[in-house]
Amino acid sequence: MLRLPQFELIEPSSLYGALAALAEHGPDAMVLAGGTDLLPNMKHGLFEPRMLVSLAGIEELRGVQVTSEGGLSIGAMTPLADVADHPEVRRRAPALAQAAGLVAGPQLRSMGTLGGNVMLDTRCQWYNQTHFWRQALGFCLKKDGTVCHVVAGGKRCVAAASNDSVPALTTLGASLRFERLGQARTIAIDELWHSDGANNKRTEGGEILTRIEIPATPAGHLGAYGKLRDRGSIDFPLLGMAVRLDLDDQGLVEHADQVVVALVARPVRIKGVHEALLGLRPGSADFEQALVPLAEAARRQCRPMANIPGDEDWRREMVAVFTRRTFLAAAEGASD
Amino acid sequence: MAARDQHGPQAPWGDAFQVVGKPHRKVDGMAKATGQAIYTDDIQLPGMLHAKLLRSPHAHANIVSIDTQKARAIPGVHAVITGADLPTRYGVIPWTMDETALAVDKVRFIGDPVAAVAAVDEDTANLALNAIEVEYELLHAYLDPREALERGEPTIHANKRGNNVSKQVDLAFGDVDEALESADLVVEGDYSFHGSTHGAIEPHCAVAQVDAQGLLTLWSSTQITHYVHRALAHVLDLPAHRIRVIQPSLGGAFGGKSDPFALEFVTAKMAQMTGRPVKMLWTREEVFYAHRGRHPMQMHYKTAADKDGKVRAVDAKILIDGGSYSSFGLVTTYYSGQLLTGPYAFPAYRFDSTRVFTNKPPCGPKRGHGSVQPRFAFEVQLDEVAEKLGIDPIEIRRRNYLGEHTQTVNGQRITSNGFLECLDKVERASAWKERHGKLPSGRGLGVAGSMYISGTNYPIYPNDMPQAGIQLKVDRSGLVMVFTGGNDIGQGSNSVVAYLVAEELGLELDAVRVIAADTDLCPVDLGAYSSRVTFMVGNAAIDAARKLRKLVVQALAEKWEVPEQRVRLVGGFAVDLEDPERHVPSREAFQLAEARFDTLGSTGSYNTPTLGGDYRGGTIGASPAYSFTAHIVEVEVDEETGRIRVPKVWCAHDCGRALNPMLVAGQIEGSVYMGIAEALLENHDMNRFGLHAGPSLLDYRMPTTIDTPEIEALIVESVDPEGPYGAKEAGEGPLHSAIPALSNAIFDACGIRLRHLPFTPAKVLAALREKRAREAADASVSTSTSSTPAV
């Protein structure tokens, strides 16, 4: 078995305790949520923290609440399994419930958290490997090296954002609450991302993602998440897309959106979706007709790279297929 | 004296079987289910050190120098060794010993072990590995077998011919050229099989200890204790009687634990050097480098047939990518041709197989060793023959049936053969007649057949001793202890031995216990490979038990003053058949026999009869009995995504007599799972650096339960005249034809022939596009030519 490097573990029982520990130890410390991504990455030598600050004992970071405005406020430490199964999440944010239910496998969903999935490190087949493996090819520019094995001569890391929950949260207009000792900030999830795979998040030292806030969705809200993966469980997305359809009281689309991950370092919002579907009735021939050029437009806008496993040309072809299928699934109010 | 001469397939007491044929639990089932079973890594000994290997980061390089000074200086490090400390070459096949425990002078693949450290704990050992300095001189690395075939400089292994050929076999039987010339139809095509690995859930592990008398004990997760024993004696230059090898409970092997491995020699050597027990447990990544998995093959086949569907000749040319060492490669190369000559008769056959070395993890035996790849190519080609001749794919297989008690074109003796019944069963169960060719587009059924060996009479190293031995020891408590060198690797061989001994001696199963795979305690068996254990160890067990039974029966007959025929051992008792009131528990019967004959015990053995064709290599693949299999696979092809779903597989397997039908069904299910897995998902692939593309259980996509088809296991019992109560193998045969049946089902579903594994969605989409383009071209041709207006 691969060895987990030695580190000090702090298990505060309050958010204040966690923030104070981060403030005290600075860059030597990292936050440990469910550990389903961080611990394997540490075994691979991708992160070498001297200290881990576990959030597991902080009760206030867990749980799903419905806000007075009808939105959702989800503690960052809420297990993905709870997000997937929560009746209010399923009703108000179906794409998120579906996405959370498609992360990894059952065991990992009961350990892994929604906050952890948002903060997931980018992934690349040349990066998510052991130290020995990476050393054998001279490392890569995301960690320990200077060359990119995906793009010959590439100077910028193209590791892929692989968080299943993020497309759904983005279509839902979620905002993220970060806290550090004595300070807090709330940003739109759109604003979190860099396009640099080496570090694709605009975060500051000493911060903890504490809550994910989702504004109220209208009565006619529909959503779905489509995930391409080789197996029916376990795998990270080869392509992950969330779609949103809000219907007016006539049952016509008044708002539409689509966001895709597992392409490049940041999530990609597909342009022209709203315009393409506005005023159409899901289930109608016009709606299905409109999905054909939309699927093609989405394919043109998405350029999967040889960063994660799977034939990138096939992954690109699947953008079109999954665009159509995921919108149809949303229209049916059912998952793909 | 070989047991095959001494008993037949009948129940030992004349009528029904008492134990055999019933679905008993495995003897170690509860221990494994509850976590009580002791695996090698569970062994903890006082003062035990932990060892780690430094591995080559280069695919092909000379070692210029190794400096271990700094590593030795690290506190907690007890030993550091390099290839110079274990320079003796070994290899499972005596003619091709080309491995050393640690690289000597050069490395041949990324992951080749170079040095080893033993330290107080794993972290200290890892730290010391980083402190070892190795200077390499890089050599050209061969990743493409075609290049390795055509280019001789540099050589991966020095040889007299100055090339990179590991083994070449070219054999011909009958007049192939004449048949190709005169047959009504010849189908010709290229096929390829990618690499796949075993994926046993237990990683390799070894623990070595040297006691005060200098006895070396090695616990190892091996499937062939005897060869490890021999290899240790050879490499350590130690008399074999001062070495004891024990195989604890094993978490799967599938062929991947058949070779002697670096960790066995290294832990033994370091235990000798340090005087302390040494353990080495490989990481999952290291298991991928150790590999010995399925050989990638590039295959060119020609099949000649007449209009009636009768195959006239088969002509094969195969290039085998062996990876960096020989392993079982000599046998693989023979098997790639020798095992194709059933279940169909063809009068002419030629194969020309060449195994080359490349700078990749070494290939070896994986479930269905050497014959899964050619079986795929041929069965897909046979399907095409049927299509072109307008014959139903099952019917063409019936028409070419080899028959029973006959001989193959390459001189293999065939005894029992239940292939026709296999075809009948899958045909009926799948409703083939109603559904094949008639399902909606995107859904289809495909069929294929195969055969496999129940061990072979080729004993790896030449000797005249039995291939399998058994000893029985009887306790006054009524307990019979069975000692077998056979390796239970999860297939249930210990259970099978217990069933057979209980059957022969009329005992309840709990009165038989089995001690296995311990070279101090157990008579030699050649190990768990080539599907030999049930057949050979089973026969030896019956042999031993029958000798013991004779003594017990004689003692009772004398005591009761009745003829021996009246004494029956059944259900834990000895009974007088004509006066059933007269009976004693087995315990008392054994005590009577012990009083009459002294301490009770017996031995039994099995050796194969003389088999095989009278030509060089004619004994390789010659088996005392062959199993036969037919698969029907149902598929659904998503023509938009190219993804293939397999909702159901029917597999009928002729295993002779099913000694425990539950275990046979388990082997069928496991085989089908594994075959479909490597066809659709698994890929032991090297990237452009020669580095394994994803040596982890995340990236090497073994199917989960939800990716696994529903499997209907159908058992065919042809009852072999020489098998133990008529049994043949069940562990490997049921994998073979799953893969071509899948390809043939895809053809039925959407009209594309997939000849190159794995069947990725991208390949499916490409083939569908090609088909549409072809159809469009045909349509435009027919439009332009049919200019005559319709009337």
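How many bridges pair strand β27 of chain B with β28(B), and in which sense, parallel or antiparallel? The first legend below takes this up, and please keep in mind throughout that this is a predicted model.

**View 1. A four-stranded open sheet in chain B.** The strands of this sheet follow the order β18-β26-β27-β28 in chain B, and their pairing is mixed. At the edges you will find β18 (443-453) and β28 (710-716) of chain B, each of which pairs on one side only. From one strand to the next, the twist averages 15 degrees. To return to the opening question, β27 (residues 644-654) of chain B and β28(B) run in the parallel sense, and seven bridges pair them. A handy place to start looking is K648(B), which stands opposite E710(B) of β28(B). Helix α19(B) packs on this sheet, where it touches β18, β26 (626-637) and β27 of chain B. The direction of α19(B) makes about 160 degrees with that of β18(B).

**View 2. Helices α17 and α19 of chain B.** On the α17(B) side, look for V672(B), G675(B), I676(B) and A679(B), which meet A738(B), I739(B) and L742(B) in α19(B). The residues of this contact divide into six nonpolar, one polar and no charged.

**View 3. Helices α6 and α7 of chain B.** Helix α6 (residues 225-236) of chain B packs against helix α7 (residues 262-274) of chain B at an angle of about 55 degrees, and the axes lie 10 Å apart. That angle makes α6(B) oblique to α7(B). As α6(B) passes α7(B), the crossing is right-handed. Contact comes from V228(B), L232(B), V235(B) and L236(B) in α6(B), together with E264(B), F265(B), A268(B) and K269(B) in α7(B). Six of these residues are nonpolar, none is polar and two are charged.

**View 4. A five-stranded open sheet in chain A.** Moving to chain A, we find strands in the order β4-β5-β8-β6-β7, with antiparallel pairing. Since β4 (64-66) and β7 (183-188) of chain A stand at the edges with a single partner strand each, one side of each is left without a neighbour in the sheet. Neighbouring strands are turned by 20 degrees against each other on average, direction ignored. Within this sheet, four bridges join β5 (residues 72-75) of chain A to β8 (residues 208-214) of chain A, and these strands run antiparallel. I74(A) has I212(A) of β8(A) as its bridge partner. Helix α1 (residues 15-25) of chain A packs on the sheet and touches β6 (175-180) and β8 of chain A. The direction of α1 of chain A makes about 130 degrees with that of β8(A).

**View 5. Where chain B meets chain A.** This contact draws 25 residues from chain B and 22 residues from chain A. On the chain B side, α3 (122-130) and α20 (761-785) are the elements that give two or more residues. By class, that side has 11 nonpolar, six polar and eight charged residues.

How values were computed: Residues are numbered from 1 along each chain as its sequence is written. Chains are lettered from A and ligands numbered from 1 in the order in which they are written. This is a predicted model: local features need pLDDT of at least 70, side-chain atom pairs count only at pLDDT 80 or more; totals for chains, interfaces and linings use all residues. Axes are lines fitted to C-alpha atoms, for helices over the stretch in contact, and angles run from 0 to 180 degrees between N-to-C directions. Angles under 35 degrees count as roughly parallel, over 145 as roughly antiparallel, 65 to 115 as roughly perpendicular and the rest as oblique. A crossing is left-handed if the near helix is turned anticlockwise from the far one by less than a right angle, and right-handed if clockwise. Two residues are in contact if their C-beta atoms, placed from the backbone, lie within 7 Å. Ala, Val, Leu, Ile, Met, Phe, Trp, Tyr, Cys and Pro count as nonpolar, Asp, Glu, Lys and Arg as charged, and the others, Gly among them, as polar. Two strands pair if DSSP finds at least two bridges between them.
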